[in-house]
Amino acid sequence: MECTNRQVAETLRLIGQLLEIREGNPYRVRAFMNGADAVDRLTRPVAELSKDEVVALGGVGEHLAAVVREVCETGSSTELETLRAEIPPSLLELLRIEGVGPKTVGRLWRELGITSVAELLAATEKGRVRRLKGFGTKSEAEIRRGAERYAASEQRMNRSTADALIAGLAEVLAPGRYVVAGSYRRGKATIGDLDIVSCEDPVALNPRLRLVADEVIESGERRTSIRYRGERVDVRFTTPDAFGPMLIYFTGSKPFNIKLRDRALLEGLRINEYGIAGRAGKDLRTFPTEAAMLKALDLPYIPPELREDAGEIEAAEHDRLPALVIADDLRGDLHVHSNWSDGTLSLAELAAEGERRGYEYLVISDHSATLKVAHGLSERDLAEQRHTIEVINRDSACRLIAGTEVDILSDGTLGFADRILADLEFVIASLHGGLRQDQDQVTRRVIAACENEHVDVIGHPTGRIIGRREPAAIDLGRLIEAAAAHGTALEINASPFRLDLEDTAVRAARDRGVRLSIGTDAHRPGELENLRHGLATARRGWCTADDVLNALPLDRLLEWTG
DNA sequence: GCCGTTTTCGGCCCGACTGTTTTCAGTCG
């Protein structure tokens, strides 16, 4: 029985959600959710761990370890099957409606027999929901709006969409008086909603927010939520002298906040979004910055990208946080396309763009001819391009590195012969087709590419496109081992539509000593800007400058590629 | 269900906003 960590985590989550609807003990529900998170964070297959090793993860006790074992061995869980027999699993989709929680779902089901979003919409139309005790016309209307929005099926935003919203909001927010917090600030690849901490007076800001909002969800003097261009935006108000605790609170993650508060309780301190108080909630101390607040808790500053309760608090306690790679460490972009294949900029324009950004180098990595849709280069084109690059390099401050993004063909061979690859300064090998092959087949292909001595980097390793294409079924554990064994780097493709490898895999690779290569895969000038998204993913993967290929100076980079 | 530098029992992060309520439950972040 093949059983992935994702399946195990989903099973635990499912049990938790069904328990929640059945009016279970909320702490028991949380235990299942925590267990699911712990399994999600694992970089090894949970099926390979012993029961003791699973318990040692923390957050997983005897009972959950037994459930994990059962799921690994049988593919299911008797506890889950019992709950499924009792509660229609279709109720779970109702939980995803904004404003509808487990209590409401339970009552809608027991008292009105509602088991699906369609039935819920029908019931609101007939006014059945408003007749429930404790409900009224407003609650019914809100539930109806939520259900309609759910039916329109929203998904998480990519970082490009988030950036566009932030640029729009910048026109109503006072410059320098707010920070975009939440998962955006933590550098996540996808963002559910925008969280903003502002130290403007709500009396002044609320009316301006109302003006640009599609809808005001709620509005108060401490918190306001609006819908803006279809997305939810939450604003928390604070003052400069108490900015620290609010920023920590609103940056999250939620598990990070809970762990931090838990830890403070042991010291007899209570944390909330306003500061740190004594056990009785008295003597509130406020802090202007996050660092000052963390210092009061005997912790060093913890970068937002690490705040996932994935070991960072323990590392901070022992002063073993990694010195994360920063923007200034990056000396160039390791994956760029020119108009020789499907990019829009000429080589000279790219060199100028690199200079403007203060880059030491840019890797020109046009496609191989096998990728016909991208006007890939033939062997002859490549030789000509090489000549042009050499001419431009004579008087360019930004060195163009002659490379390619060679296609990994469906049989695992590459789109250029070895003798051609040997002449190039930098070789990225990427999958562009055959992404739906089964796990073993597609894994063998990328490992074969890793084993080729001329290949320096595996480009966008899983091929995912956020919200549009699932990652290929690659066994990342095997790929990372192969990359480690052959000294091949793995790419963090910095396009906000890819961000591939993803953060957890980056951390696993980094832990095995695999180098990461950040490349924008830019096809248009503005896309060189995307390097920062790749940087954020590297930081979420606990990377230091030593882990990142782009931090090498030109001579050492060329030495590394051989 | 998990957990322990007061604990193997009795806690479990903490607060804002809304609606339908006379004091709070539910949801959310």
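This is a predicted model: local features need pLDDT of at least 70, side-chain atom pairs count only at pLDDT 80 or more; totals for chains, interfaces and linings use all residues.
Residues are numbered from 1 along each chain as its sequence is written, chains are lettered from A and ligands numbered from 1 in the order in which they are written, and side-chain values use heavy atoms, with hydrogens and water left out.

**DNA strand B**

- DNA strand B is surrounded by 51 residues, each with a heavy atom within 4 Å of the strand.
- Gly61, Gly99, Thr104, Gly136 and Arg261 are the closest.
- The surface near DNA strand B has 21 charged, 15 polar and 15 nonpolar residues.
- In these classes, Ala, Val, Leu, Ile, Met, Phe, Trp, Tyr, Cys and Pro count as nonpolar, Asp, Glu, Lys and Arg as charged, and the others, Gly among them, as polar.

- The side chain of Asn25 places an N or O atom 3.0 Å from a base oxygen of DNA strand B.
- Arg28 has a polar side-chain atom 3.4 Å from a sugar or linking oxygen of DNA strand B.
- Lys138 uses its backbone: a polar atom there is 3.5 Å from a phosphate oxygen of DNA strand B.

**Helices α1 and α5**

- Helix α1 (residues 5-21) packs against helix α5 (residues 78-86) at about 40 degrees, with the axes 10 Å apart.
- Helices here are DSSP runs (H or I, at least four residues), numbered from the N terminus.
- Axes are lines fitted to C-alpha atoms over the stretch in contact, and angles run from 0 to 180 degrees between N-to-C directions.
- α1 and α5 are therefore oblique to each other; angles under 35 degrees count as roughly parallel, over 145 as roughly antiparallel, 65 to 115 as roughly perpendicular and the rest as oblique.
- Thr11, Leu14, Ile15, Leu18 and Leu19 of α1 meet Glu79, Leu80, Leu83 and Arg84 of α5, contact being heavy atoms within 4.5 Å.
- These contact residues divide into 6 nonpolar, 1 polar and 2 charged.

**Helices α17 and α18**

- The axes of helix α17 (residues 347-356) and helix α18 (residues 379-394) come within 10 Å and cross at roughly 40 degrees.
- This pair is therefore oblique too.
- α17 contributes Leu347, Ala348 and Ala351 to the contact, and α18 contributes Gln385, Thr388, Ile389 and Ile392.
- The α17 and α18 contact has 5 nonpolar residues, 2 polar and no charged.

Note on methods. Helices (H or I, at least four residues) and strands (E, at least two) are DSSP runs, numbered from the N terminus. A polar contact is a pair of N or O atoms within 3.5 Å; within protein, one must be able to donate a hydrogen and the other to accept it, and residues adjacent in sequence count only if both atoms are side-chain atoms.
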